[in-house]
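Hi everyone, thanks for coming. I'd like to walk you through one protein model, going from one part to the next. Please have a look at it first, and then we'll start.

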Amino acid sequence: MENTLCIIKPDAVKNGHIEDINKKIEASGIEIIKSKRLTLQKDTAEEFYAEHSERPFFSELVDFMTSGDCVIQILQGDDVIARYRELMGATNPNEAVDGTLRKLFASSLGENAVHGSDSKQSAEREIAIMKNLF
Ligand code: CMP
């Protein structure tokens with residue numbers, strides 16, 4: 001059994017997709033064990049995305065992630081990190097496979113509806129950053 005960190009991002013929240021996204025997560029056999037709707041503070045978003053701090057899109061990313069409510073979730077299941085990433089689809093929705101969350105609900109690379117940890121190490125780090133928010 002494994003855990004991963006999922007964020008339903010401000011674009012998907014504003015567009016009313018929380019329930020549709022969570023139905024697809026649960027239909028794939030993944031359990032949502034924690035869920036909290038909140039607006040991220042700037043310092044939390046900066047820490048969370050620290051690996052991108054030197055990238056040209058970093059300030060745009062932090063501004064977007066703090067622009068409105070997100071839903072922060074911990075997902076659980078066998079091999080859930082890889083399974084949830086497959087369900088999300090490619091980072092760029094234009095490259096995402098039909099039926100994936102980003103194909104269905106995202107509008108651009110920057111506003112791509114959902115986040116999911118990309119490895120066991122990232123999942124542990126990301127859950128540790130977010131766990132006191134639940
Ligand atoms: P996410 O999976 O949350 O991880 C980092 C995020 O940075 C990514 O989704 C994208 O939303 C965002 N991102 C990646 N590349 C770019 C880019 N070139 N311009 C804007 N945002 C980007």
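Let's begin with a pair of charged side chains: Glu2 and Lys120 form a salt bridge, with their closest N and O atoms 3.8 Å apart. By salt bridge I mean a side-chain nitrogen of Lys or Arg within 4 Å of a carboxyl oxygen of Asp or Glu. This pair links distant parts of the chain, since Glu2 sits in strand E1 and Lys120 in helix H7 (residues 120-130), 118 residues apart. When I say helix or strand, I mean DSSP runs numbered from the N terminus: helices are H or I with at least four residues, strands are E with at least two.

Before going on, two words about where this comes from. This is a predicted model, in which local features need pLDDT of at least 70 and side-chain atom pairs count only at pLDDT 80 or more, while totals for chains, interfaces and linings use all residues. Residues are numbered from 1 along each chain as its sequence is written, and side-chain values use heavy atoms, with hydrogens and water left out.

Back to our pair: are Glu2 and Lys120 buried or exposed? Glu2 counts as buried, at 15% relative accessibility, whereas Lys120 is exposed, with a relative accessible area of 51%. The cut-offs are under 20% relative accessible area for buried, over 50% for exposed, and partly exposed in between, using a 1.4 Å probe and protein chains only.

How many salt bridges are there by this rule? The count comes to three. Another one is between Arg37 and Asp69, whose side chains meet at 2.7 Å, N to O. Arg37 lies in strand E2 (residues 31-38) and Asp69 in the loop between H4 and E3, so this pair ties together parts that are 32 residues apart in sequence. Asp69 counts as partly exposed, at 26% relative accessibility.

Then there is the salt bridge between Glu46 and Lys42, at 3.6 Å, N to O. These two are four residues apart in helix H3, so about one helical turn separates them. Glu46 is partly exposed, with a relative accessible area of 31%.

Now let's turn to helix H4, which covers residues 58-65. Which of its residues are buried? They are Phe58, Leu61, Val62, Phe64 and Met65. These residues cover an arc of only 160° around the axis, which puts them on the same side of H4. The arc here is that of the directions from the helix axis to the C-beta atoms. And what covers them? Strand E1 (2-8), helix H1 (10-14), helix H3 (42-48) and strand E3 (70-77) are included in that cover, judged by contact, meaning heavy atoms within 4.5 Å.

Strand E3 also holds Gln76, which counts as partly exposed at 23% relative accessibility. Leaving aside neighbours within four places in sequence, Gln76 is in contact with Met1, Glu2, Asn3, Ile30, Glu31 and Ile33. With Asn3, the side chain of Gln76 makes a polar contact of 2.9 Å. A polar contact is a pair of N or O atoms within 3.5 Å; within protein, one must be able to donate a hydrogen and the other to accept it, and residues adjacent in sequence count only if both atoms are side-chain atoms.

Next, the cysteines. A disulfide is a pair of cysteine sulfur atoms within 2.5 Å, and by this rule the count comes to zero.

For the rings, the structure holds one aromatic pair. The ring centres of Phe48 and Tyr49 are 5.0 Å apart and their planes are at 85°, so the pair is edge-to-face. The rule is that rings of Phe, Tyr and Trp (its six-membered ring) pair if their centres lie within 6.5 Å; planes under 30 degrees apart count as stacked, over 60 as edge-to-face and the rest as tilted. Phe48 is buried at 3% relative accessibility, and Tyr49 is buried with 6%.

Last stop: Phe105, in helix H6. Phe105 is buried, with a relative accessible area of 13%. Apart from neighbours within four places in sequence, Phe105 is in contact with His17, Asp20, Ile21 and Ala113.
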